[in-house]
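Subject: Structure handover

Hello,

Here is the structure I promised to pass on. Please look it over first, then read my notes below.

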Amino acid sequence: MSARRATCPRPPEARRGQALIFVVLAVVILAFVVLFVFDLHKTLFVKTRGRNAGDAAALAAARWQGIALNLVGDLNLLQAVAVSQALTLGADPEPVAAVLGDLAARVNFVAPLIGFAAAQQAAKNNGLFVNPAFTAALLNHAAEVANEYPRRYPLPPYRNDPEPPTAWDDYTGMLAELAAGGV
């Protein structure tokens, strides 16, 4: 009877639990697949959102740069016409040329910061978050402009009449204002 028992399959009671092991393994593998797919989706979503925000910021900055360059070109034309007209009339062209040159310098000085502000707002509107490290770096740069630029560049790009504030004070204030909104 012992030989017959060796060739017979196990009794049903001894085979219980084999399907349970398979089901548990399948559920674990399925759980990992679901988590991977969810994580992949989240990664792609964040990457796409960041790319869209960066593109929007670049377009906003480029738009303002184009506006500023066109304005400076128009001011240069106005300056040329004013100088030509003053010379034709026999008047001194210096006062008009100086005023228009000063205005062009102010536009050249301020326009990049306006573009930066527009880019920053476009990025925020498209879901990018404020980075405290970038904000701190901008504040450090503002402090450097306030403390070092008047010494490094004794002739500012434009003059305020009456002084102060200087061009560097204006620039520092604009940088600080941009940093106040978070970068």
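Helix 3 gives the largest share of the lining of the largest pocket, five residues. Helices are DSSP runs of H or I with at least four residues, strands are runs of E with at least two, and both are numbered from the N terminus. This is a predicted model, where local features need pLDDT of at least 70, side-chain atom pairs count only at pLDDT 80 or more, and totals for chains, interfaces and linings use all residues. Residues are numbered from 1 along each chain as its sequence is written, and side-chain values use heavy atoms, with hydrogens and water left out.

The pocket

The largest pocket holds about 190 Å³ of space. A pocket here is an open set of points on a 1 Å grid over the protein atoms alone, where a 1.4 Å probe fits, with protein on both sides within 12 Å along at least five of seven lines; lining residues have an atom within 4 Å of a point. The volume is the space filled by probe spheres set on the points, which are joined across faces, edges and corners. Its lining residues include F116, Q120, K124, F134 and V183. By class, the lining has nine nonpolar, two polar and one charged residues. Nonpolar covers Ala, Val, Leu, Ile, Met, Phe, Trp, Tyr, Cys and Pro; charged covers Asp, Glu, Lys and Arg; the others, Gly among them, are polar.

The helix pairs

Helix 3 (residues 94-125) and helix 5 (residues 167-180) pack at about 0°, axes 11 Å apart. Axes are lines fitted to C-alpha atoms, for helices over the stretch in contact, and angles run from 0 to 180 degrees between N-to-C directions. So helix 3 is roughly parallel to helix 5 (under 35 degrees; over 145 is roughly antiparallel). Among the residues that meet are F109 and F116 in helix 3, and W168 and Y171 in helix 5. Contact means heavy atoms within 4.5 Å.

Helix 4 (residues 132-152) and helix 5 pack at about 170°, axes 9 Å apart. That makes helix 4 roughly antiparallel to helix 5. Their contact has 13 nonpolar, three polar and no charged residues.

Helix 2 (residues 18-89) and helix 3 also pack at about 170°, with axes 7 Å apart. Helix 2 is therefore roughly antiparallel to helix 3. This contact divides into 25 nonpolar, four polar and no charged residues.

The whole chain

The protein chain has five helices and zero strands. Its C-alpha atoms fill a box of roughly 135 × 35 × 20 Å, taken along the principal axes.

Best wishes

Conventions
Angles under 35 degrees count as roughly parallel, over 145 as roughly antiparallel, 65 to 115 as roughly perpendicular and the rest as oblique.
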